[in-house]
Amino acid sequence: ERIVVVSPHFDDAAMGAGLLLLTNPGSTVITVLAGEPPAYPDEVSPWDALGGFEKGDDVVAVRRQEDLAAMARLGARHVWLEFPDHQYLAVEDRPTPEQVAPALEEAVRASGATAVFLPMGIANPDHVLSHDAGLLVRAAMSEGDGAPAWFCYEDHGYKHLPGMLAWRVAKL
């Protein structure tokens, strides 16, 4: 009845669960890493450069506008959590699943979800983070009547990498 898709980045729900969203209008997409970084790096990251961004561009602002357009096309509502993408943070400053889980749980509960779809969590550290935080939320919400059903969707950009899906399934 009320579907939530947890998206590590702005594009992941559309690419990995787009058909699900398109066939279930009114669903909610919670983007975990939708926050502004404390500062953009001096040099544009290779990923941002591939997207056509240059030094001085506000990448997150542009990505948010792209996300709004994609969600309108898919008929989905958006929720943006305020954690920055790992590419903008030093390793020691990156959020952990334990730090992300409370905000993610609050967003899932507020949505009234009856089904939650997590990324499988392969290859990219932000995908692993989002998956692992989602498992913490699942554990916290598993008690009582009305707990949502939980599923995983494929990480579109990484599903083709040999051994990655087997690695995640083994961890589960």
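Where is the place of Glu54? Glu54 sits in the loop between helix 2 (46-50) and helix 3. Helices here are DSSP runs of H or I with at least four residues, strands are runs of E with at least two, and both are numbered from the N terminus. Glu54 is exposed, with a relative accessible area of 58%. Exposed means over 50% relative accessible area, buried means under 20%, and partly exposed lies in between, with a 1.4 Å probe and protein chains only. The C-alpha atoms of Glu54 and Val44 are separated by 6.2 Å, and the two residues are 10 residues apart along the chain.

The structure is a predicted model, in which local features need pLDDT of at least 70, side-chain atom pairs count only at pLDDT 80 or more, and totals for chains, interfaces and linings use all residues. Residues are numbered from 1 along each chain as its sequence is written, and side-chain values use heavy atoms, with hydrogens and water left out.

The overall fold was examined next. The protein has 6 helices and 5 strands. Along the sequence, they follow the pattern β-α-β-α-α-β-α-β-α-β-α. The radius of gyration is 16 Å, which agrees with the value near 16 Å for a compact globule of 172 residues. This radius is taken over C-alpha atoms, and the globule rule is 2.2 Å times the number of residues to the power 0.38. Along the principal axes, the C-alpha atoms fill a box of roughly 50 × 35 × 30 Å. Of the 172 residues, 43% are buried. The accessible surface comes to about 9,000 Å², and carbon and sulfur atoms hold 57% of this surface. Accessible areas come from the Shrake-Rupley method with a 1.4 Å probe; for residues, only the protein chains shown count as cover. Among contacts (heavy atoms within 4.5 Å) with a separation of 6 or more, 74% join residues 24 or more positions apart.

In soluble globular proteins, nonpolar side chains tend to be buried together. A nonpolar core is a set of buried Ala, Val, Leu, Ile, Met, Phe, Trp, Tyr and Cys residues joined through side-chain atoms within 4.5 Å. The largest such core has 20 residues. Val6, Ile30, Leu81, Val100, Leu104, Val108 and Val116 have the most contacts inside this core. Strand 1 (3-7), helix 4 (97-111), strand 4 (115-119) and helix 5 (125-141) each give two or more residues to the core. Helix 4 provides the largest share, 5 residues. Apart from this core lies another, of 12 residues, among them Ala17, Val29, Ala115 and Tyr153. Val6 touches Tyr153, as well as Ile30, Val32, Leu104, Val116, Phe117, Leu118 and Pro119, not counting residues up to four places away in sequence.

In helix 1 (12-22), the buried residues are Asp12, Ala13, Gly16, Ala17, Gly18 and Leu21. Their cover includes strand 1, strand 2 (28-31), helix 3 (59-74), helix 5 and strand 5. Helix 5 has 17 residues, and at 1.5 Å a residue it should span 24 Å. Its end C-alpha atoms are 24 Å apart, which agrees. The expected span is 1.5 Å times one less than the number of residues. Buried residues of helix 5 include Asp126, Val128, Leu129, His131, Ala133 and Val137. The buried residues of this helix pack against helix 1, helix 4, strand 4, strand 5 (149-153) and helix 6 (164-171).

His131 is found in helix 5. His131 is buried, with a relative accessible area of 0%. A polar atom of its side chain lies 2.8 Å from the backbone oxygen of Pro119. This is a polar contact: a pair of N or O atoms within 3.5 Å, where, within protein, one must be able to donate a hydrogen and the other to accept it, and residues adjacent in sequence count only if both atoms are side-chain atoms.

At the start of helix 5, a side-chain oxygen of Asn124 reaches to within 2.7 Å of the backbone nitrogen of Asp126. Ala123 lies in the loop between strand 4 and helix 5. Its phi is positive, about 75°, although Ala123 is not a glycine. At 35% relative accessibility, Ala123 counts as partly exposed. His86 lies in the loop between strand 3 (77-80) and helix 4. His86 is buried, with a relative accessible area of 18%. His86 touches Arg94, Asn124, Pro125 and Asp126, not counting residues up to four places away in sequence.
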